[in-house]
Amino acid sequence: MSKKRILITGASGCIGHYISEALIENTEHELYLLVRNPNKLQVDTQTRTGITILQGDMQEINKFSNLLKTIDTAVLTATSWGGDNIFDINVNKTIELMSLLNPERCQQVIYFSTASVLNHDNQPLKEAGEIGTDYISSKYDCLHKIEELAIFPKITTVFPTLVLGGDETKPYSHLTSGISEVTKFINIIRFLQADGSFHFIHGKDIGTVVQYLIDYPPQAGDPRRFVLGQSGLTVNQAVEEVCDYLGKKIFFRIPLSLGLANVIIKLFRIQMAAWDRFCMSYRHFTYSNAINPGSFDLPNYCVTMSDVLRISGVKDGK
């Protein structure tokens, strides 16, 4: 593989850590890691040459304009999850960064969106733009605005599903942080039945896929949008797998209907945003042709709920 100059934004985040680690350990590419606080970057950047830490953030991306013109591949994981400047960072500054790349030189932009902006057929979900949280609607807006850019034909958009990851050297994803809480309530959860489905993917598997896409960029006419996820799971299958791992038996199950959920919401006066209500009714967050390392005959790190629990440090009940 020819050596490339690669920019990674959001390198100190959960996904950014896994991508940086994969590229440091498995490639000779010249890496430029953009971070606001270098102290939060816990990957070993001294293990080989060709790794440059760029201290700065998306708000001041134009100060790197000379470097951006020389980049061969840009991996854009930086995102704002909330706050006053969320649309500025997730839309305006992201678009500005892509505009500063040289469309003649840059071979590929790998832009991180979120699967929440897509419907089951991987098309934009209008509700995500209309009633989504600020984070989701900003990603929805950016998805449409990148189509106007000169570099658009070289943009590969990836849509992670539920992201797992984190350990003593990497920040935990929101989902992984809550796994121990779920296992505490399994004695109640195991007797409930719910209609819903989802995908998940571990940060390490995202790193493997991104490394593959860098080395084998989609060619003209190839798909350039990829949902990142393991095979879809129903909520009930997930509960069964967790119970099996923990050695908990399921004697009966009470179906949780939408009607019952609405009664509970009314009874306890639970405040729900329009997007939360939509998600409760939509229920099936599964997508067509989700990809993971196995899609490219590469080793998969975290495939099943048992893997999720084991990697998250939950002891099995056997």
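Me: How many residues does helix H5 have, and what length is expected for it?
Reply: Helix H5 (residues 134-145) has twelve residues and reaches 16 Å from its first C-alpha to its last, close to the 16 Å expected at 1.5 Å a residue. The names come from DSSP runs numbered from the N terminus, where helices are H or I with at least four residues and strands are E with at least two. Keep in mind that this is a predicted model, in which local features need pLDDT of at least 70 and side-chain atom pairs count only at pLDDT 80 or more, while totals for chains, interfaces and linings use all residues. Residues are numbered from 1 along each chain as its sequence is written, and side-chain values use heavy atoms, with hydrogens and water left out.

Me: Where is Pro124 found, and what does it touch?
Reply: Look in the loop between S5 and H4 for Pro124. This proline is partly exposed, with a relative accessible area of 28%. Not counting residues up to four places away in sequence, Pro124 touches Val117, Leu118, Asn119, Tyr140, Leu143, His144 and Arg225. Pro124 and Leu143 are 19 residues apart in sequence and 8.6 Å apart in space, C-alpha to C-alpha.

Me: What is the phi of Asn122, and is this residue buried or exposed?
Reply: Most residues other than glycine have a negative phi. Asn122 has a positive phi, near 65°, and is not a glycine. Asn122 lies in the loop between S5 and H4 and is buried, with a relative accessible area of 18%. Asn289 also has a positive phi, about 55°, although it is not a glycine. You will find Asn289 in the loop between H12 and helix H13 (305-311), where it is exposed, with a relative accessible area of 68%.

Me: How much space lies in the second largest pocket?
Reply: First, the idea. On a 1 Å grid over the protein atoms alone, a cavity is a set of points where a 1.4 Å probe fits but cannot get out, whereas a pocket is an open set with protein on both sides within 12 Å along at least five of seven lines; lining residues have an atom within 4 Å of a point. Grid points are joined across faces, edges and corners, and the volume is the space filled by probe spheres set on the points. For the second largest pocket, that space is about 270 Å³. Its lining has 16 residues, of which Ala22, Asn26, Lys204, Thr208 and Gln211 are the closest to the centre. Helix H1 (14-26) and helix H9 (203-215) are the elements that give two or more residues to this lining, and the largest share, seven residues, comes from H9.

Me: Is H9 mostly covered or mostly uncovered?
Reply: H9 is mostly covered, with ten of its 13 residues buried. Among them are Asp205, Ile206, Val209 and Gln211. The end C-alpha atoms of H9 are 18 Å apart, which agrees with the 18 Å that its 13 residues should span at 1.5 Å a residue.

Me: Where does Ser231 lie, and what does it touch?
Reply: Ser231 lies in the loop between S11 and strand S12 (233-234). This serine is exposed, with a relative accessible area of 60%. Not counting residues up to four places away in sequence, Ser231 touches Phe198 and His199.

Me: How many helices and strands does the protein have?
Reply: There are 13 helices and 13 strands. Of the 318 residues of the protein, 48% count as buried.

Note on methods
The expected span of a helix is 1.5 Å times one less than its number of residues. Buried means under 20% relative accessible area, exposed over 50%, partly exposed in between (1.4 Å probe, protein chains only). Contact means heavy atoms within 4.5 Å.
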